[in-house]
Amino acid sequence: EERRARAAMAQPADKKPPPQASFDVSVMGQIESAYFPGEDNIYCSFSIMKGSDWQVAAGMEQGITQVSSVPSGSPAKVVWNFPLELTLKSTNVYGWPQIVIEVHGTDFLNRDVVLGYGSVHLPTVAGMHTLKMRMFRPLSSSMFQSFFGWANANPPEYIDHKRPAMPTGREVTRVESKGVVTLKLNCVTRNMRQFGYSAPVHTAAAPHHF
């Protein structure tokens, strides 16, 4: 018994786990569908816009969906159900990631053209989210440029496809609304409280409009 007591005293006390080096934000879901009246056979590309402190730990940072057409009898809605899975890590919330979407279609001569741009921040609260992203596209600065772009299948486009997610320079661009893209995302956060951030859980079922 004395030996056992000495052995127990000699064992080191339980060490506390080391502090986490970062918090994680994981998103799983899909780019579900799009509503573009008057358009058919469309697809979209997506990319992630994030701050310098954020790193992609797993998943695709950019991708492209399949081409989908409007089903017979459907009100101008195309369905992609394109899977989206991404895990990011950071030490602060500055530059919270955004998903940037660019929808493509065809003109009257079956040439590829951009139908709309859009961006939205990834959910900041854990839980299931339905996001309705309103799309837009830039307009020509004059009627002549508009006709010239239409005739040459070269309508106004952003040089940088991530421009819709940037906070500066958008006030000088004329745009028009064009369609809606629906995303369904399930967000999971980890170690947020250890960095001083609250971590509530989203329970509402109503979609978010952006």
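Me: Before we dig in, what counts as an aromatic pair here, and how many are there by this rule?
Reply: Rings of Phe, Tyr and Trp (its six-membered ring) pair if their centres lie within 6.5 Å. Keep in mind that this is a predicted model. Going by that rule, the count of aromatic pairs is six.

Me: Take F23 and F195: what kind of aromatic pair do they form?
Reply: Their ring centres sit 5.7 Å apart, and the planes make an angle of 75°. Planes over 60 degrees apart go down as edge-to-face. So the label for F23 and F195 is edge-to-face.

Me: How many residues apart are F23 and F195?
Reply: F23 belongs to strand β1 (residues 23-35). F195 is in the loop between β9 (175-190) and β10 (208-209). The pair links distant parts of the chain, and the separation is 172 residues.

Me: Is F23 buried or exposed, and what about F195?
Reply: Buried means under 20% relative accessible area, and F23 comes in at 0%, so F23 is buried. F195 has 26% relative accessibility. That falls between the 20% and 50% cut-offs, so F195 is partly exposed.

Me: Now the tryptophans: what is the centre-to-centre distance for W54 and W96?
Reply: W54 and W96 form an edge-to-face pair, with 75° between the planes. W54 is buried, and W96 is buried too. Their rings are, centre to centre, 5.2 Å apart.

Me: Why does the W54 and W96 pair tie together separate parts of the sequence?
Reply: W54 lies in the loop between β2 (43-49) and β3 (55-59), while W96 lies in the loop between β5 (77-90) and β6 (98-106). Because the two sit in those loops, the pair ties together parts whose separation in sequence is 42 residues.

Me: Over to S68: which residue's backbone oxygen lies 2.9 Å from a polar atom of its side chain?
Reply: S68 is in the loop between β4 (62-64) and β5, and is buried because its relative accessible area is 9%. Leaving out residues up to four places away in sequence, S68 touches D40, N41, I42, V78, V79 and W80. The backbone oxygen at 2.9 Å comes from V79.

Me: Last one: how far apart in space are M128 and V201, C-alpha to C-alpha?
Reply: M128 is in strand β8 (residues 127-138) and, at 45% relative accessibility, counts as partly exposed. In sequence, M128 and V201 are 73 residues apart. In space, their C-alpha to C-alpha distance is 9.1 Å.

Notes:
Residues are numbered from 1 along each chain as its sequence is written. This is a predicted model: local features need pLDDT of at least 70, side-chain atom pairs count only at pLDDT 80 or more; totals for chains, interfaces and linings use all residues. Side-chain values use heavy atoms; hydrogens and water are left out. Helices (H or I, at least four residues) and strands (E, at least two) are DSSP runs, numbered from the N terminus. Buried means under 20% relative accessible area, exposed over 50%, partly exposed in between (1.4 Å probe, protein chains only). Rings of Phe, Tyr and Trp (its six-membered ring) pair if their centres lie within 6.5 Å; planes under 30 degrees apart count as stacked, over 60 as edge-to-face and the rest as tilted. A polar contact is a pair of N or O atoms within 3.5 Å; within protein, one must be able to donate a hydrogen and the other to accept it, and residues adjacent in sequence count only if both atoms are side-chain atoms. Contact means heavy atoms within 4.5 Å.
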